[in-house]
Amino acid sequence: MSNLDVNGAITVGEIAKPATITSTATSAGVDITSFEGKLKCTLNVGAVSGTSPVNTAKLQDSADDSTYADISGATYTAVSAANSIESIAVDTRSTDKYIRAVQTLTGTSPSFASALYYAGQKKVR
């Protein structure tokens, strides 16, 4: 896990609200233009059930909150165990205006209680 280097206050928000998902889930877009530098994006998984369940999550970006593409290097380590936390950093200087999360579930009857959060420094105006 890498550190987020900030000199000021950190703002925390949700990319995907806490929920139990049983199939592939895509969050709404989050406008990140008010942030500078890197955002620490964290996948938090609670309860897991099913046969060989796997949650492979990734982040995508978009200039218009309509057409999204995968962000290079913004794929989380696949999660199959309960009470797991995975984090990645996304550089706002090389990312479009909006980001969203896609959680792809595999296995038989997979179920994941999960949420995705971000933390970063707001631009000084």
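Buried means under 20% relative accessible area, exposed means over 50%, and partly exposed is in between (1.4 Å probe, protein chains only). These legends describe a predicted model, where local features need pLDDT of at least 70, side-chain atom pairs count only at pLDDT 80 or more, and totals for chains, interfaces and linings use all residues. Residues are numbered from 1 along each chain as its sequence is written, and side-chain values use heavy atoms, with hydrogens and water left out.

**View 1. Asp31 and Lys97 pair up in a salt bridge.** The closest N and O atoms of this pair sit 4.0 Å apart. A salt bridge here is a side-chain nitrogen of Lys or Arg within 4 Å of a carboxyl oxygen of Asp or Glu. Asp31 belongs to strand 3 (residues 30-31) and Lys97 to the loop between strand 6 (84-91) and strand 7 (98-122), so the bridge ties together parts that are 66 residues apart in sequence. Strands are DSSP runs (E, at least two residues), numbered from the N terminus. Lys97 comes out as partly exposed at 34% relative accessibility, and Asp31 is partly exposed at 34% too.

**View 2. Lys58 bridges to Asp70.** Here the closest N and O atoms are 3.2 Å apart. Lys58 is in strand 4 (residues 35-62) and Asp70 in strand 5 (residues 69-75), so this pair links parts 12 residues apart in sequence. Both ends are partly exposed: Lys58 has 24% relative accessibility, and Asp70 has 47%.

**View 3. Arg93 reaches Asp91.** The closest N and O atoms in this salt bridge are 2.9 Å apart. Arg93 is exposed, at 65% relative accessible area, while Asp91 is partly exposed at 22%. A search of the whole structure turns up four salt bridges.

View 4. With 3% relative accessibility, Tyr76 counts as buried. Leaving aside neighbours within four places in sequence, its contacts (heavy atoms within 4.5 Å) include Cys41, Leu59, Ser87 and Leu116. A polar atom of the Tyr76 side chain lies 3.2 Å from the backbone oxygen of Cys41.

**View 5. Confidence along the chain, as pLDDT (the predictor's confidence in each residue, from 0 to 100).** The chain averages 93, and 93% of the residues score at least 70. Over residues 1-5 the pLDDT is below 50, and beyond near neighbours in sequence this stretch has 10 contacts in the model.

Technical notes. Helix = DSSP H or I, 4+ residues; strand = E, 2+ residues; numbered from the N terminus. Polar contact = N/O pair within 3.5 Å; in protein donor to acceptor, adjacent residues only side chain to side chain.
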